[in-house]
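Please look over the sequence and the model, then read the points below.

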Amino acid sequence: MYSLPSHALEFERLDLQHGILTSTFGGLAIAPEIREALQMPACKVLDVGCGSGTWIKSVSLSHPHSECHACDVASVDSFEGFRVSFRQADVSHRLPYDDASFDVVQMRFLILALRIEQWPAALREIKRVLKPGGYAQLLEPDGEIRSSNRVVMGDKTILWNAYGPLEAIRAKGGDPNAARDLGKLVSATPPLDIVFEAHLPVSMSRSDTQLYGRAMTTNYASLIRLLAPAYAQYANVTPEAYVEMCDAMLDESDGTDAHNLMAGVVARRRA
Ligand SMILES: C[S@@+](CC[C@H](N)C(=O)[O-])C[C@H]1O[C@@H](n2cnc3c(N)ncnc32)[C@H](O)[C@@H]1O
């Protein structure tokens, strides 16, 4: 299901994306509950599907009293010199941690990775490893290019919404609505109780420097170039044409209010 590599170019993109997300949500913690939990002495933190590990590395640097762990289905070797313990693991099966062992668990941007039936399993694993009273922080991108005035949405954007990555996610058995329905998915995993939920816009206009449009469009163009070899077939075009289709959408979005919604949910495991 997952089609992105774990190499330097992708890790560079993930680092850029991390900057966009922390700026959009106001920091490493997206809600006061996570901010407070991270301040606890010896707070035990896990980053699931960590990728380049930028989030957990930043937590380890800004919270020197915390105990930091990270896992990913791929083998990640970027933690040398950081106070982060890494294990290779698949969240849709079993995480190699004891029940009730973490105060904070983050899982961010697994929409391209989990099959629709794996979402409940992954959330159950997160719930299992959370201590009672511990918090899960989840973030996913909605993927649909939106405009507050849909009437002005151009042909290129309509085409991209129909045949771009959301269609590939659906065709590959993933859940294209995982971001929109993140709260629902979490609510279906008792005893996780949602304490915060937000769907925040990030601009898809490269000249919009306020809503991170420049960074986001650079990130998006890089993402699509990495995905094109695997995803173009679902749009019935060549990888080159897939990239052109994306670039045409980005050109059309420039100077408009086109945006992508980022979903963020924080849930507490009932004590
Ligand atoms: C788009 S990256 C996001 C990385 C990181 N969470 C971030 O926000 O920068 C998705 C990551 O999830 C990992 N992944 C994919 N399937 C997974 C699974 N079943 N269990 C754990 N990690 C997985 C990938 O290897 C990749 O590193």
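How many residues surround the ligand, and which are the closest? There are 18 residues around the ligand, and the closest are Gly-49, Gly-51, Val-73, Arg-108 and Ala-113; a residue is near a molecule or strand if its C-beta atom, placed from the backbone, lies within 6 Å of it. The model is predicted: local features need pLDDT of at least 70 and side-chain atom pairs count only at pLDDT 80 or more, while totals for chains, interfaces and linings use all residues. Residue numbers start from 1 along each chain as its sequence is written.

**Ligand shell and annotated domain**

- The shell around the ligand is made up of 9 nonpolar, 6 polar and 3 charged residues; Ala, Val, Leu, Ile, Met, Phe, Trp, Tyr, Cys and Pro count as nonpolar, Asp, Glu, Lys and Arg as charged, and the others, Gly among them, as polar.
- An unreviewed UniProt entry annotates residues 45–134 as "domain: Methyltransferase"; such positions are given in the numbering used here, feature names are shortened, and annotations may be inferred rather than shown by experiment.
- Residues 45–134 are 23% helix and 30% strand, and their end C-alpha atoms lie 10 Å apart. Helices (H or I, at least four residues) and strands (E, at least two) are DSSP runs, numbered from the N terminus.

**The sheet**

- An open sheet of 7 strands has the order β3-β2-β1-β4-β5-β7-β6, with mixed pairing; two strands pair if DSSP finds at least two bridges between them.
- Its edge strands are β3 (84–88) and β6, each of which pairs on one side only.
- On average, neighbouring strands of this sheet are turned by 15° against each other, direction ignored; axes are lines fitted to C-alpha atoms, for helices over the stretch in contact, and angles run from 0 to 180 degrees between N-to-C directions.

- Strand β1 (residues 44–48) is largely enclosed by the rest of the structure, because 5 of its 5 residues are buried; buried means 20 or more other C-beta atoms within 10 Å of the residue's own, exposed means 12 or fewer, and partly exposed lies in between, with C-beta atoms placed from the backbone.
- Lys-44, Leu-46 and Val-48 point one way from β1, Val-45 and Asp-47 point the other way, and all are buried.
- β1 runs parallel to β2 (residues 67–72) and is joined to β2 by 5 bridges. Asp-47 stands opposite Ala-70 in β2, and the bridge partner of Val-48 in β2 is Cys-71.
- From β1 the chain crosses through helix α3 (residues 54–62) to β2, and this β-α-β crossover is right-handed: with the strands pointing away from the viewer, the path from the first strand over the helix to the second runs clockwise.
- β1 also runs parallel to β4 (residues 102–108), with 4 bridges joining them; Val-45 has Val-104 of β4 as its bridge partner.

**Backbone features in loops**

- Phe-109, in the loop between β4 and α4 (118–129), has a positive phi near 65° although this residue is not glycine. Phe-109 is partly exposed, with 19 other C-beta atoms within 10 Å.
- Asn-236, in the loop between α8 (213–231) and α9 (239–253), has a positive phi near 60°. Asn-236 counts as exposed because it has 9 C-beta neighbours inside 10 Å.
- The peptide bond from Pro-190 to Pro-191 is cis, with omega near 5°, and Pro-191 lies in the loop between α7 (182–187) and β6 (192–203).
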